[in-house]
Amino acid sequence: MTYIAKPKFHHPGLKKNELGYTHRDYEGKISTLCAGCGHDSITASIIEACYELSIEPHRVAKISGIGCSSKTPDYFLGNSHGFNSVHGRMPSVLTGANLANRDLIYLGVSGDGDSASIGFGQFAHSIRRGVNMTYIVENNGVYGLTKGQFSATADRGSKSKKGVTNTDNAIDLVAIALQLGATFVARSFSGDKAQLVPLIAAAIGHKGASFIDVISPCIAFNNHAGSTKSFDYVREHNDAVNRLDVLVGRDPIAVDYAPGTVQVVEQHDGSKIALRKIDADYDPHDRLGAQTFLARHAAKGQIVTGLLYVDPDAEDLHSHLNTVETPLNTLEADTLCPGSAALDKFNASLR
Amino acid sequence: MKPTDIAAPDYFHKVVDCQWACPAHTPVPEYIRLIAQGRYSDAYMINWKSNVFPGILGRTCDRPCEPACRRGRVEETPVAICRLKRVAADFKDDITHRLPRPSAKNGKRVAFVGGGPASLTVARDLAPLGYHCTVFDGDPEAGGMMRTQIPKFRLPNSVIDEETGYILNLGVDFKGGHRIESMKALLAEKYDAIFVGSGAPRGRELDIPGRKEAAAHVHIGIDWLSSVSFGHTDKIGKRVIVLGGGNTAMDCCRTARRLGGEDVKVIVRSGFEEMKASPWEKEDAIHEDIPILNFLVPVSFIHDNGKLTGVTFQKVKAEYDAKGRRNLVPSGEPDQTIECDDVLVAVGQENAFPWIEQDCGIEFDKWHMPKVDPKTFVSTNPKVFFGGDAAFGPKNIIWAVAQGHDAALSIHKMLSGEDITERPLPEVHVSSQKMGIHEWSYDNDISNDKRFKVPHRDKVIALKDIRTEVELGYDVKLALGEAHRCLNCDVQTVFSTSLCIECDACVDICPMDCITFTENGEETDLRQRLKAPSPHPDQDLYVSSDLKTGRVMVKDEDVCLHCGLCAERCPTGAWDMQKYLIDMTQAGSTCPTKSRSAA
C-alpha cells in the first residue's frame, strides 16, 4: 500500500478533452490494493474511457459490492456518485438507482466472488431485465481478500498457489450473460488496455445491459504456473476475435483497413464503433454463433476476447416498463398524484 | 533504440539536471536533503569540496543550475538552489576541524598570479597534497574580484575572509600587495608550475565624443566598484547614469544609490529581456527605485567646459533578419539627452596580459588571449596553466572554480610525472534507497509549495549603509520549506527487464505519464508514441531491452518527479529507486575503483 498521496503535478503537455479535463481529472484516491493488481489497470482503463468520452463525472453513478474489485470505485471518478453496497447486491442496488434516475450513467463494478457466487442470482436478474448499465466483472478466479481460495470462475484443473488442483467446474460469466440476453457482451484482459479501453467506452454508449468480463490477474494469489488467470497464461491463450475503435461525434470514419474487415456499428448515443475483424468468420451480431464459438474455444483452453455480441437496437428496462422520460426521482407530488378525476378516469378504463 | 546503458556515468548524471548544469557538478539534491535534515555542516562540506566557496556562491552565483532545475519544467519556478547553499553556510557549526590539515611539503613549488576564485581553488586542491603554494595579488587581501567588484551589501567581507581563510590556512603563502609585473621574472624564480588566475581586469572603454573632456565624471564600472570597495571612493553625484546591462551595471547602480545617488538610471542599448544581467539582479535594482531604460545607444557625453552635464542617446529598435539575428537599427526618432552628474560605464570586461613577455613560450591567439587547452588548462608553455576569466574571458565564479579543479589536477599529474591529457573517470556510487515495502530513505512525498521568497532588509535601512547586507537569507523554517521542493532527481528510477511482468502498474500510477510500454523503434518514432508528449528531445529516453511480449519499456526522463510510486506499485521490484552519487575527479582523488554497480 502506498502511504503518500499521488502528486498533484501532471505532465505539462497533457491533452484535454472537450470539457477541458485531463485524464488525471478522472482519478479518485490512490489505490490501496496490492502492488501490480490487475484491478488497478481496469481502474486506469475506466478513467481513460470516461476521459475520452468527455463524460461529466457528476453524471456517473458507480456502484459496487464487496471484495477487492468492489473497492476500486474509490480509485476512479472522485467526483461522481458512488455506492459501495452489500456483498453480491450491486445489481439490485444499481437497478433501483437506475429506476429512480434514468439520467445517470450506471457503472456496476463487481468481482468473480461478488457476481459468480453470493450475487449470482442478482447478476442473472439484472442482465435478464436489461438494466441500462455497464457491468464490469474484475475476474481473477480467487478470493484475494481471504488469501486466495478458488472462486466460482476458477477453471477446473487449474492450480492454487499452494499447488491444490481445482475440482469444481467453472462458471463462464460471458456464456451466462449471452444466454440471459445481455445486449452487449465482451471479454478483455487487464493487461491489454488497447483492447479494454474502447470496450468500456462502447459499453457506456450502449443502451441496455452491457457486460464485460475482464480477466485481471491477482498478483498475490493467482499469478503462478498452473493458474489459468495469470499474466503469462492469458497472454499465451488470448484469442481476440476483433479490435474496436470508438468514434465520438460526427467525424466520418476513416477506413484504412482492408475492405470487408471493418464493420461499423451505430450506437444509441450517436457514437459509432468501428470493429476490425481479426477472426474473419466471427459475427458479433449472432448470439447463438457467439455461444457456440465460445464453447468450442473454451474446450480448447483458449480465452476468447473482444466484443463478442452486440445488439445495436437493444432496449432497456425503462422501455420495457414504458416509464416516462423524466427521471422518477424528479417527479413532483402533483404529477405523481394527479387527483381524483384522474383516478376516476383510470378506474373507468378498467371496467 | 538500443537499451540504455545506465552504467555510463553520464547517463544518470544528466538526469540530475542541476548537477549536470553546474560547471563544478555540485551534488545539489544530496546537500539539499542534508539541509532538510538540519545537517547544515554536512551540507556545507559537500559544497566546500565541490565549489570551494559555498557562502560566497550562495550569495553571488549566477546559478546555471536553476534554469536547469526539473521543478521549473513541472511548475513555474525552480528550487532556490543558490539560496539554500547560503543556508548551509549560514547555519553550519564550526567546520575547521573537518578541513584538510597543512601537510608535510613535498618540495614542489607552485606560483599563482592573482588571488581570486580560480587561483584559490587550485591552491586548495594542491596545498593538502604537500605543494608549496605562493599566491601573488596586487591587492592587499585575497579574494580577487569577489572582494573588489562585488558590493559589500551583496557579499560582506566577513564571508570572504572566512572562506579565503580556510584556503590560506592550509599553509598557502599569500603575498598581498605584490603585483606580478613580469612573467619572465616569475619564470626565472624556477617554480615547478605557474597558475595564472589574474581574471579579466580591464573594464571596456566607451569611446564616444566628450569622453576625454568629461573624464572627471565618467568612471569605468569595475574600477569604480573596486575603489568603493577599498574605501577610496565614498560619494557620487545625485544624478547618475549607468551604461550597460550586465551584472556589473546592476552592482554599479545599486552602489551609486548608497553613495548619494538619488536619481540613478540604468540605460541599455538592447531590450530589457535581452540584458545580460540575471533576472533577480534586475529585480533587485528596480526594487531600489532604479529605472532601466532600453533601446538607447549612447552617442556622446555632453559637458560644459569639461564638467559633465549629460549623455545623448540615439533611439533604436530591434529588427530581426531572416536568420533570426537581432539588429539594432535607428528608430528615426530624435536623439534624447539625459542630464546627469556622473556616468558609470559598465559595458564589458577585457583580458589584459601586458606583463607576459612575448618570449615566455606562451602563445596568444588573434584575440590576444593565451592559447589554453580547454581540458587541461595548460598553455603552450607546459609549466604555465591558466584558469578562470584569465583563460577564456569573463564568466562567473563557479566557472573559475570548475576550471581551477581541472587545472589543479593537471598540475598534480604533471608534477607526478603523469600524462596530463589522461583524465581519470569520476567515481560513481549507485545504491538502493529501499527501507521497507513502501518506505524509502528519502522523502518521496512531493511538496506542492511555490518557491519561497528570501527575506530582504527594509529598503530605507538597506540604502543607508553600503555595508549592510540586503538579503537576510532563509531562516530555518523557510529553508526547510524550500528544501522540500527539491524533487530528489539524484534518486534514480532503475529498471530491471528480467523482473518485469508487464502488469502496467507503473504506467497506471505514474503521475507524470513518463512510462510507456510499446514496440521498439527509432528515437524520433518512439518519441511520437509515448503516453504523454515529449517536448524536450534533449531529455533522454530510458529504454529497456526486449520484454517477454517483445515490447520495451520506455521512460521519458523529462518530468519524472522521482516520487518512487512506480517502484512502490511494482509487484516484482523491477523498478527500484537508487541514489546516484558522482564524485568528480579532483587532484589527489584516489584511483576510482572499477567495481561500479548500477542496477
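Guide: Two strands pair if DSSP finds at least two bridges between them. Strands (E, at least two residues) and helices (H or I, at least four) are DSSP runs, numbered from the N terminus. The model shown is predicted: local features need pLDDT of at least 70, side-chain atom pairs count only at pLDDT 80 or more, and totals for chains, interfaces and linings use all residues. Residues are numbered from 1 along each chain as its sequence is written, while chains are lettered from A and ligands numbered from 1 in the order in which they are written.

Visitor: Which strands of chain B form the open sheet with the order 3-2-1-4-16, and what makes strand 3 and strand 16 its edges?

Guide: Five strands, in that order and with parallel pairing, form this sheet. Strand 3 (173-176) and strand 16 (384-386) of chain B each have a single partner strand, so one side of each lacks a neighbour in the sheet.

Visitor: How do you know that strand 1 and strand 2 of chain B are joined?

Guide: Strand 1 (residues 109-113) and strand 2 (residues 132-137) of chain B run parallel and share five bridges. The rule asks for at least two, so they pair. In strand 2 of chain B, B:Thr134 is the bridge partner of B:Ala111.

Visitor: In the sheet with the order 6-14-7-8-9 of chain B, how many bridges link strand 8 and strand 9?

Guide: That open sheet also has five strands with parallel pairing. Strand 8 (residues 263-267) and strand 9 of chain B pair over two bridges, among them that of B:Ile267 with B:Leu293.

Visitor: Which residues of helix 4 of chain B meet helix 8 of chain B?

Guide: Residues are in contact if their C-beta atoms, placed from the backbone, lie within 7 Å. B:Tyr40, B:Ala43, B:Tyr44 and B:Asn47 meet residues of helix 8 of chain B, including B:Lys85 and B:Phe91.

Methods. Contact = placed C-beta atoms within 7 Å.
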